[in-house]
Amino acid sequence: MTQFLANKHILLGVTGSIAAYKSAELVRRLRDAGAVVRVAMTENAKRFITPLTMQAVSGNPVHDDLFDLNAEAAMGHIELARWADLILVAPATADFMARVSEGHADDLLTAVCLASRARVAIAPAMNQGMWHHTLTQTNLQALRQKSMIVLGPASGSQACGDIGMGRMLESTEIVEQVSALFATGALAGQKVVITAGPTHEAIDPVRYISNYSSGKMGYALAQAAHEAGAQVTLISGPVQLPLPMHMQVISVTSAAEMHEAVMKQMSDCDIFMAVAAVADYRPQTTSPQKLHKTDEHMTLQLERNIDIVSAVTNLPNKPFVVGFAAETENVVEQARAKRTRKKMDMIIANKVGDGCGMGTDDNEVTVITAEAETVLPLVAKQKIARELIELIVQEQKAPDEKSTHPGYAR
Ligand code: C5P
């Protein structure tokens with residue numbers, strides 16, 4: 001069950017324990033599960049395993065100095081704190097536990113832990129005497145109270161010859177437990193249908209009309225919905241993305257095919273997310289043979305495609321419907337109007353351009369419902385996707401059960 005790690009940004013903190021030799025293996029296992037890993041090492045960690053090893057296995061430069069101007073210019077501790085979906089400190093020494101529980105920030109790793117909104121998980125590793133010491137146990141309680149996740153330790157023979165508690169968990173066990181942290185279960189028992197990517201509207205056997213949609217946002221939402229425990233059906237236009245696991249994927253080409261595939265899924269659908277950039281028009285006729293150039297000018301007659309999301313919102317038993325509005329100007333105003341016109345429960349307004357929107361890895365969006373507007377600042381589409389799922393879960397709740405989201409209200 002390591003599938004929830006796909007595309008997750010894991011900052012692996014390595015501190016000075018003999019178990020640090022296992023951290024390289026841990027990076028490999030995390031990456032095998034699809035995570036993107038960056039490594040932050042303390043000075044003492046470097047006595048046990050070299051930064052070169054960690055750089056080679058992670059595929060990213062190692063972060064080790066809070067005060068290195070060059071490193072801070074490339075990706076400083078605040079960027080690192082923002083980048084991480086999860087901070088995993090493995091091995092975590094007794095000293096690290098003590099320092100982080102007191103809120104120290106005198107090296108890169110503790111500073112990132114303090115600066116980040118991401119969850120922090122630690123895999124302690126130390127001599128059994130140090131583990132059982134009252135001070136360590138007091139620090140452990142303090143860390144748990146501060147919502148830090150503690151993985152292990154295991155019991156067994158130790159590097160120093162002792163036998164007892166304090167061994168770092170095996171890499172495979174850590175990866176399983178870290179993966180499970182991303183499974184929220186918030187959409188358990190619900191069927192979610194998502195359209196993603198562009199559509200291709202054929203002109204002739206070798207040409208089509210389309211747009212720049214990459215499918216990344218829709219695929220990220222499908223993954224996030226799966227992590228939330230939903231049964232996911234992804235209806236995808238033609239994209240260059242790896243086929244996601246653990247969900248039903250229906251590949252389509254044109255808007256008409258997408259419409260047909262969506263309608264077949266609606267009888268038991270709880271949430272429909274229209275993320276696809278469906279072509280508004282298609283050629284009135286598709287030539288069975290390749291068209292050849294003759295005149296200086298050519299006219300292509302187009303006809304409107306069916307609006308899939310409106311077809312869904314007009315169903316008598318409509319699901320909770322979420323749409324997207326990718327716009328280049330008056331983004332929020334246009335999205336508000338579109339939400340009302342298409343009778344959607346929620347619309348995500350998405351500016352295209354300036355590093356956002358179609359084809360990019362990052363997005364900044366405004367989430368609009370009948371009652372509220374929430375801005376989710378520019379971050380990776382995977383992160384936006386998880387935040388959107390949280391908002392949808394909130395939206396489905398009764399008004400008195402709703403809590404506020406860390407995004408900021410307009
Ligand atoms: O009108 P516009 O294309 O900007 O609306 C965008 C929203 O409507 C998106 O959620 C998109 O997936 C959906 N849509 C659709 N069918 C269409 C056109 C748009 O479902 N033919």
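Where is Gln190 found? Gln190 sits in the loop between H9 and strand S8 (191–196). Keep in mind that what you're looking at is a predicted model. Skip the neighbours within four places in sequence, and Gln190 is in contact with Ala230, Gln231, Asp270, Ile271 and Gln396.

**The whole chain**

Stepping back, the protein chain has 14 helices and 20 strands. Its C-alpha atoms fill a box of roughly 80 × 55 × 35 Å along the principal axes. Of the 410 residues in the chain, 52% are buried. Take the contacts with a separation of 6 or more: 68% of them come from residues 24 or more positions apart.

In soluble globular proteins, nonpolar side chains tend to be buried together. Here, the largest nonpolar core holds 36 residues, and the members that touch the most others are Leu12, Met54, Leu88 and Ile174. Strands S1 (9–14), S2 (36–41), S3 (86–92) and S4 (119–124) each give two or more residues to this core, and so do helices H1 (23–32), H2 (51–58) and H9 (171–181). There's also a second, separate core of 34 residues, with Met346, Val367, Leu376 and Ile384 among them.

Met54 is worth a click in your viewer. Leaving out neighbours within four places in sequence, Met54 is in contact with Leu12, Val14, Ser23, Ala24, Val27, Val39, Met41, Ile49 and Val62.

**How H1 meets H2**

What is the angle between H1 and H2? They pack at about 10 degrees, with their axes 9 Å apart. That angle makes H1 roughly parallel to H2, because angles under 35 degrees count that way. On the H1 side, the residues involved are Ser23, Ala24, Val27, Arg28 and Arg31, and they meet Thr53, Met54, Val57 and Ser58 in H2.

**Charges over a ring**

Now for Phe182. Which residues put a charge over the ring of Phe182? Lys8 and Arg119 do, as the table shows.

| Charged residue | Ring | Distance from ring centre |
|---|---|---|
| Lys8 | Phe182 | 5.2 Å |
| Arg119 | Phe182 | 6.0 Å |

And how many aromatic pairs are there? The count comes to 0.

Technical notes:
Residues are numbered from 1 along each chain as its sequence is written. This is a predicted model: local features need pLDDT of at least 70, side-chain atom pairs count only at pLDDT 80 or more; totals for chains, interfaces and linings use all residues. Side-chain values use heavy atoms; hydrogens and water are left out. A nonpolar core is a set of buried Ala, Val, Leu, Ile, Met, Phe, Trp, Tyr and Cys residues joined through side-chain atoms within 4.5 Å. Buried means under 20% relative accessible area, exposed over 50%, partly exposed in between (1.4 Å probe, protein chains only). Helices (H or I, at least four residues) and strands (E, at least two) are DSSP runs, numbered from the N terminus. Contact means heavy atoms within 4.5 Å. Rings of Phe, Tyr and Trp (its six-membered ring) pair if their centres lie within 6.5 Å; planes under 30 degrees apart count as stacked, over 60 as edge-to-face and the rest as tilted. A charge sits over a ring if NZ of Lys or CZ of Arg is within 6 Å of the ring centre and within 35 degrees of the ring normal. Axes are lines fitted to C-alpha atoms, for helices over the stretch in contact, and angles run from 0 to 180 degrees between N-to-C directions. Angles under 35 degrees count as roughly parallel, over 145 as roughly antiparallel, 65 to 115 as roughly perpendicular and the rest as oblique.
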